[in-house]
Amino acid sequence: MSNNTEFTLAELMIVAASESWRGDGEVLASGIGVIPRLGASLAKLTYAPELLMTDSECFLVEEPIPLGPRGDYVPKYSGYMSFERVFECVWGGRRHAMIGPTQIDRFGQTNLSVVGDYRKPKAAILGVRGLPGNSINHINSFFVPNHSKRVFVEGEVDMVSGGGFNPARWAPGMKQDFMDIRRIVTDLCVLDFEGPDHAIRVRSLHPGVSFDEVQEKTGFPLLKAPEMGETPHPTAAQLAKGNPPGIRAAA
Amino acid sequence: MNKLMTTADVVDQLRDGMTIGFGGWGPRRKPMAIVREILRSDVKDLTVVSYGGPDVGMLCAAGKVKKLIFGFATLDAIPLEPWYRKVREAGKLELLELDEGMWQWGLRAAGMRVPFLPTRCGLATDVTKLNPELKTIQSPYDDGEVLLAMPALKLDVALVHVNVADQLGNTLIQGGDPYFDHLVARAADACYVSAERVEERLALTPDQARLNTFERYLVKGVVHAPCGAHPTTCAPEYGWDMSHFKRYVASAAEEGGWQAYMDEFVTPGEAAYQDKNGGIERMGKLPLPVF
């Protein structure tokens, strides 16, 4: 047992992120940003060696690439995954991405485009990027480093970039079956959409965080998962995975 | 047959109000020498079609863009494209903001000369709600599924930067990822390429020839533009120029910043641009980013 192992919040979130890919089988694991990427790498290095992963450019690797300057490390490529192939993968549904949207609402709809009025926004962010296509084609999870009402907004997100479980947005005949929103890992908790009619729930709380605190920092009502407990602590074995993939190095 | 021309010759082919597609991806392999020539010209009211990087930002800063057809604008290492952001927040752009997949689907449709291609991407989002000109279509087969009919994105002109070209219009993209330049080229009435190196006629091994991603019949003109993607990357030769990006980003926060950037880097011409950036010896050796 490793209950006495010391760990940081970043390490806890990396391990929580890595759990998102459990049971997915042979899919492309795309963790965008440091913690999602290290989470995907950890998953591949521990319980999910079957995951596919890239070097964050255009080659597939079976050994996750270390973060940042590589020194003497030479990546060992096992295949090719140009941007064009990533889209083919997206449309075929064999991908589970974890990204950090600017806003998320209770339907799992996400925004990466603008904050405020669409025509004259308070803040222009990146644009919708691949979120519309990702959301309707494959599994998605999200990472939120600063759990707050600015991210988890009341009502709908300002610009629905990634679709979600809002019945008003779906017309008859549109295929929702491939939409699969799994987890949201934040600095306070882990959320999922496994409540009635995909209601958003707190799945686990990070050490020292209460449900009330999470609710207070969220712009919509949350459910408690019946099994809601503390987010699993990183094990010594997980922490020992050096760089690559470097969960200690990043924390 | 000799398609060699200058950046000025390319810009002479552009007209106010044209729809222009750009190759590359964000801050990667953008035809920036040609973009700078557009900035020096009086061409205006452009519809810009791009996976946006500083091509989009600079054309926005210079007031050249009437409408933007895009999925994003970013400098990657600096996530927010400063001039796109500033002009976008001022509410001055017409927009067709598309899912990245829809964007290339539109170009594919144009290249295939069909009016649309079906996709699920964009359904149940604000992409379709904000752009009622994007219509749905019901599958004529037993499934009856309702899909988005992504309309063809026909381009007047495509501008692409490649590693190697010849005078006939043959091109090689030697970086690991060719991005979507072939689709941009196919969607256009006329494609002009700039190239790091131009040869009279390519004579290649099979491995090299595989790096040709679109046919020369699509290419109307070839420009020799060493370091012509700067400040964006041109793998495998050089990476992006972070110090230049920082200078460019700072210009968006300064009073008169764009005019100062133009005066310092653009107006004096490409030779002066290279001198200002340490010459092609420095520019051509900028390290590729590591992720």
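Leaving aside neighbours within four places in sequence, which residues is Leu155(B) in contact with? They are Thr19(B), Ile20(B), Gly21(B), Val49(B), Ala110(B), Ala187(B) and Ala188(B). Please keep in mind that this is a predicted model.

**The core around Leu155(B)**
- Leu155(B) belongs to the largest nonpolar core, which has 149 residues.
- Among the core residues that touch the most other members are Leu155(B), Leu59(B), Ala158(B) and Val184(B), together with Ala187(B), Cys191(B) and Val193(B).
- The biggest contribution to this core comes from strand E9 of chain B (residues 155-166), which gives seven residues.

**A pair of helices in chain B**
- Helix H3 (residues 54-61) packs against helix H4 (residues 82-89) in chain B at an angle of about 50°, and their axes are 7 Å apart.
- The two helices, H3(B) and H4(B), are therefore oblique to each other.
- The crossing of H3(B) past H4(B) is left-handed.
- On the H3(B) side, Val56(B), Gly57(B), Met58(B), Cys60(B) and Ala61(B) take part, and they meet Pro82(B), Trp83(B), Tyr84(B) and Val87(B) of H4(B).

**Chain A as a whole**
- Seven helices and 14 strands are found in chain A.
- The radius of gyration of chain A is 18 Å, which agrees with the value near 18 Å for a compact globule of 251 residues.
- Along the principal axes, the C-alpha atoms of chain A fill a box of roughly 50 × 45 × 35 Å.
- Of the 251 residues in chain A, 48% are buried.
- Among chain A contacts with a separation of 6 or more, 63% are between residues 24 or more positions apart.

Key:
Residues numbered from 1 in each chain as written. Chains lettered and ligands numbered in written order. Predicted model: local features only at pLDDT ≥ 70, side-chain atom pairs only at ≥ 80, totals over all residues. Helix = DSSP H or I, 4+ residues; strand = E, 2+ residues; numbered from the N terminus. Rg over C-alpha atoms; globule rule 2.2 N^0.38 Å. Buried ≥ 20, exposed ≤ 12 C-beta atoms within 10 Å, placed from the backbone. Contact = placed C-beta atoms within 7 Å. Core = buried A, V, L, I, M, F, W, Y, C linked by C-beta atoms within 7 Å. Axes fitted to C-alpha atoms, helices over the stretch in contact; angles between N-to-C directions. Parallel < 35°, antiparallel > 145°, perpendicular 65-115°, else oblique. Left-handed = near helix turned anticlockwise from the far one by under 90°.
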